[in-house]
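Colleague: I'm new to reading protein models, and I'd like to learn it one feature at a time. Could you put one up and walk me through it?

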Amino acid sequence: MIDLVREKLAKTGADALLITQPANVRYLSGFGTPEDGRVFVTEDQALLITDGRYIAQAKEQSSLEQDIVAMGSQWPARVLELAKGKTLAVEADHLTHAQFDLFAKDLKLVPVESFLTEFRLIKQPHEIQLISEAAKLTDEAFSHILNVIKVGMKEVEVALELERFMRTGGADSVAFPITVASGYRSSMPHGTASGKVIEAGDLVTLDFGAKIQGYHSDMTRTLAMGTISEDEEKMYAAVLEAQETALAAIGPEKDGREIDRIARDILGEHDLDQYFSHSLGHGVGMMIHEEPWLRSNMSYILKAGMTATIEPGAYIPGKYGVRIEDLLVITSTTKHVLSSSDKSLIRL
Ligand code: ZN
Ligand code: ZN
């Protein structure tokens, strides 16, 4: 990987590269606390810069040579020292303005954007393995919560139980703040679990995932607490139809925009497209939202090794909403769906 990075670096005209964005630091170094790490690459060096708290951890996790400094105050000075006389490529989409100014006083800088995206976009087998493990744990947590969730519980209690299950099952953490959105709150696409009590007749949207060794999973299911209205039933059926049709259509060489269109058109047939207020899906990897994007306003040709979610939804403000989301990996001939939880309407 570092050799490929060096090849790309040479094309920028720089002869040193500083990686500061945490997911990128972790991707190149394997270091599990990337917020406290930087990666510095030249033709003959590849260093993980971190501090004394992490000597043992960095040694265990990283294949890069380690350079230990006091991260809080000294890392910029160390970079200036290492890069002396060189042209340094920096991540313009992450380095702060103040850091940029500091480096620019003594070094020639080449700002680069999304420098590692082309590598991170195509997942290697070990990455797919970890994302699959995270997706499996997410499915298991969903099965578990079906036995736990009850009318009278607070949304936040459901979220904490999902988290407890996934953490004790081996997750480093949850992939993102868990959505448990019940009743009128199900109309909020990102309704992070609140103190609201789940009531009979509520639709409940659960959107959650696990993070394992830096890799995320992402899945959404919407449940019915007992009997729901006919309109809610119809919305569920329409969102499911949109989800399954888009899922059937996705594969290598397909354009993400076309897949988004397929789902949007089906919701349109049910007069629900005006309530589908976000894009159809996104890639998942070291970040919960990353390329590729499945969006109406962006063409994106899908390739083997890319991940994607398919997550159509419909939300009537202040009333109710439904979203159904699966995570998949594109293969050379088709796709492999990593989420396996039941998508038919579950009434509890
Ligand atoms: Zn999600
Ligand atoms: Zn998602």
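Modeller: Helices (H or I, at least four residues) and strands (E, at least two) are DSSP runs, numbered from the N terminus. Keep in mind that this is a predicted model, where local features need pLDDT of at least 70, side-chain atom pairs count only at pLDDT 80 or more, and totals for chains, interfaces and linings use all residues. Residues are numbered from 1 along each chain as its sequence is written, chains are lettered from A and ligands numbered from 1 in the order in which they are written, and side-chain values use heavy atoms, with hydrogens and water left out.

Colleague: What is the radius of gyration of the chain, and what would a compact globule have?

Modeller: The radius of gyration is taken over C-alpha atoms, and the globule rule is 2.2 Å times the number of residues to the power 0.38. For 348 residues that rule gives a value near 20 Å, and the chain has 22 Å, which agrees. Along the principal axes, the C-alpha atoms fill a box of roughly 70 × 40 × 35 Å.

Colleague: How do I read burial, and what share of the residues in the chain is buried?

Modeller: Buried means under 20% relative accessible area, exposed over 50%, and partly exposed in between (1.4 Å probe, protein chains only). Here 55% of the 348 residues are buried.

Colleague: And how many positive and negative side chains does the chain have?

Modeller: Lys and Arg count as positive and Asp and Glu as negative, while His and the chain ends are not counted. The place of a charge is taken as NZ of Lys, CZ of Arg, CG of Asp or CD of Glu. This chain has 35 positive and 51 negative side chains, and the centres of the two sets lie 2 Å apart.

Colleague: Next, rings. How many aromatic pairs does the structure hold?

Modeller: Rings of Phe, Tyr and Trp (its six-membered ring) pair if their centres lie within 6.5 Å; planes under 30 degrees apart count as stacked, over 60 as edge-to-face and the rest as tilted. The structure holds two such pairs. In one of them, phenylalanine 31 and tyrosine 54 have ring centres 5.4 Å apart and planes at 80°, so the pair is edge-to-face. This pair links distant parts of the chain, 23 residues apart: phenylalanine 31 sits in the loop between α2 (22-29) and β2 (38-42), and tyrosine 54 in the loop between β3 (46-50) and α3 (55-61). Phenylalanine 31 is buried at 0% relative accessible area, and tyrosine 54 counts as buried at 11%.

Then come tryptophan 75 and phenylalanine 103: their ring centres are 6.1 Å apart with planes at 65°, so that pair is edge-to-face. Tryptophan 75 belongs to helix α4 (residues 71-82) and phenylalanine 103 to helix α5 (residues 97-106), 28 residues apart. Tryptophan 75 is buried at 4%, and phenylalanine 103 counts as buried at 0%.

Colleague: What about contacts? Which residues does leucine 28 touch, leaving aside its neighbours within four places in sequence?

Modeller: Contact means heavy atoms within 4.5 Å. Across the chain, residues 24 or more positions apart account for 63% of the contacts with a separation of 6 or more. Leucine 28 lies in helix α2 and is buried at 7%. With those neighbours left aside, leucine 28 is in contact with Met1, Ile2, Val5, Ile19, Val39, Leu64 and Leu116.

Methionine 219, in strand β12 (residues 219-224), counts as buried at 2%. Its contacts beyond four places in sequence include Thr138, Phe142, Leu206 and Ser341. The C-alpha atoms of methionine 219 and isoleucine 324 are separated by 7.7 Å, though these residues are 105 apart along the chain.

Colleague: Last one: the backbone. Where is the cis peptide bond?

Modeller: The bond from glutamate 291 to proline 292 is cis, with omega near 5°, and proline 292 lies in strand β14 (residues 290-294). Look at phi too: glutamine 213 has a positive value near 45° without being a glycine, in the loop between β10 (210-212) and β11 (215-216). For aspartate 271 phi is near 55°, also positive in a residue other than glycine. Aspartate 271 is in the loop between α10 (256-269) and β13 (281-283) and, at 57% relative accessibility, counts as exposed.
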